[in-house]
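Colleague: I would like to learn how to read a structure slowly, one feature at a time. Could you take me through this one?

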Amino acid sequence: MIELGQLNARHDDFRQRKVRIVAVSLETLEEARQTQGDFPQLFIASDQTRDLSEKLDLIHEDTNPNGGDTSAPTAVKAR
Amino acid sequence: MATDGEISTKDDRAKGEAPTPKRSAGRGLYILGFFLLLCGPIAYGIEAISFEHLTVPWYMPVLGVIGLLLMIVATVRRWSVLRIFGLLLFGLLPFGEFLFLWSHSLLPKYDGPIAVGKPLPDFEIELASGDPFDNTDLLDGSATVMVFFRGRW
């Protein structure tokens with residue numbers, strides 16, 4: 001979440017360079033909405049079906065405090 | 001007559017004052033070090049359990065090392081079986097804390113399909129607004145950085 005705060009704070013720099021930040025996690029849509037409220041300048045997305053994270057092999061097992069999996073912290077630049 | 005743990009001087013006796021209690025050298029330092037040693041894990045436990053807020057607890061080994069140094073200094077100033085026992089018992093704690101941070105900061109080696117110049121596979125995720133986001137949204141001319149994060153905890 002610290003990285004999201006830093007990205008959110010620098011949103012003007014990204015906007016000037018026409019770069020869009022999409023922050024993805026395995027959390028539910030409801031949790032994504034809460035995160036969106038915290039970081040309104042970013043695009044927060046839910047990958048709760050794991051469609052993207054599994055295809056990119058970005059699942060980090062047993063790293064959630066509740067015992068589940070999470071996305072391995074990664075940044076991917078796409079055009 | 002002075003009892004064990006007390007000293008009195010001729011001047012004290014002459015003045016009729018209460019004898020000055022004898023303090024073991026470095027006891028306060030040792031207790032402070034022990035307190036700092038335990039402070040890190042306790043603070044991290046409170047942060048994680050009570051506030052459900054997880055951060056990288058760099059303060060934990062730092063406090064541990066400071067506490068351990070204070071305990072060592074106190075033991076050098078005046079050693080006792082109890083102090084040495086405490087050092088042996090808790091001395092490895094800061095190293096364990098460093099090991100904990102180091103092991104949790106490692107990520108598994110990436111052998112996945114992402115590679116420079118290679119297109120992303122077809123995918124669909126859901127934006128917080130409820131709108132879908134897929135490959136076609138990456139073709140609108142603007143660069144996109146997809147940041148994968150663990151979660152809002």
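Colleague: Where in chain A does Thr49(A) lie?

Modeller: Thr49(A) sits in the loop between β2 and α4 of chain A, where helices (H or I, at least four residues) and strands (E, at least two) are DSSP runs, numbered from the N terminus. Before we go further, please note that this is a predicted model, in which local features need pLDDT of at least 70 and side-chain atom pairs count only at pLDDT 80 or more, while totals for chains, interfaces and linings use all residues. Residues are numbered from 1 along each chain as its sequence is written, chains are lettered from A and ligands numbered from 1 in the order in which they are written, and side-chain values use heavy atoms, with hydrogens and water left out.

Colleague: Is Thr49(A) buried or exposed?

Modeller: Buried means under 20% relative accessible area, exposed over 50%, and partly exposed in between (1.4 Å probe, protein chains only). With a relative accessibility of 59%, Thr49(A) counts as exposed. The C-alpha atom of Thr49(A) is 8.9 Å from that of Thr28(A), although 21 residues separate the two along the chain.

Colleague: Which class does Ser25(A) fall into, and what does Ser25(A) touch?

Modeller: Ser25(A), which belongs to strand β1 of chain A, has a relative accessible area of 2% and is therefore buried. For touching we use contact, meaning heavy atoms within 4.5 Å. Leaving aside residues up to four places away in sequence, Ser25(A) touches several residues, including Ala45(A) and Ser71(A) of chain A as well as Phe149(B) and Arg150(B) of chain B. A polar atom of the side chain of Ser25(A) also lies 3.2 Å from the backbone nitrogen of Glu27(A).

Colleague: How is the size of an interface usually expressed?

Modeller: It is often given as the accessible area lost when the parts come together. Here that buried area (lost by two parts on being put together, 1.4 Å probe, summed over both) is about 4000 Å² between chain A and chain B, with carbon and sulfur atoms giving 63% of the total. On the side of chain A, the residues that lose the most area to chain B are Arg20(A), Leu56(A) and Val76(A), which together make up 16% of what that side buries.

Colleague: How many residues does each chain bring to the contact?

Modeller: Chain A brings 48 residues and chain B brings 36 residues. Between the chains there are 21 residue pairs in polar contact, both residues being at pLDDT 80 or more; such a contact is a pair of N or O atoms within 3.5 Å, where, within protein, one must be able to donate a hydrogen and the other to accept it, and residues adjacent in sequence count only if both atoms are side-chain atoms. Of the elements on the side of chain A that touches chain B, α3(A) gives the largest share, eight residues.

Colleague: Which strand of chain B is joined to β2(A)?

Modeller: Two strands pair if DSSP finds at least two bridges between them. β2(A) is joined by two bridges to strand β1 of chain B, residues 124–127, and the two strands run antiparallel. Within β1(B), Leu127(B) is the bridge partner of Ala45(A).

Colleague: How many salt bridges does the structure hold, and how many of them cross the interface of chain A and chain B?

Modeller: A salt bridge is a side-chain nitrogen of Lys or Arg within 4 Å of a carboxyl oxygen of Asp or Glu. Over all chains there are four, and across the interface of chain A and chain B the rule finds one. In that salt bridge the side chains of Asp140(B) and Arg20(A) meet at 3.0 Å, N to O.

Colleague: Why does this pair join two chains?

Modeller: Asp140(B) lies in the loop between β2 and β3 of chain B, whereas Arg20(A) lies in strand β1 of chain A, so the pair joins two chains. Asp140(B) is partly exposed at 48% relative accessible area, while Arg20(A) is buried at 14%.

Colleague: Which helix holds both Lys55(A) and Asp51(A)?

Modeller: Both lie in helix α4 of chain A, four residues apart, which is about one turn of the helix. Lys55(A) is partly exposed at 36%, and Asp51(A) is partly exposed at 24%.
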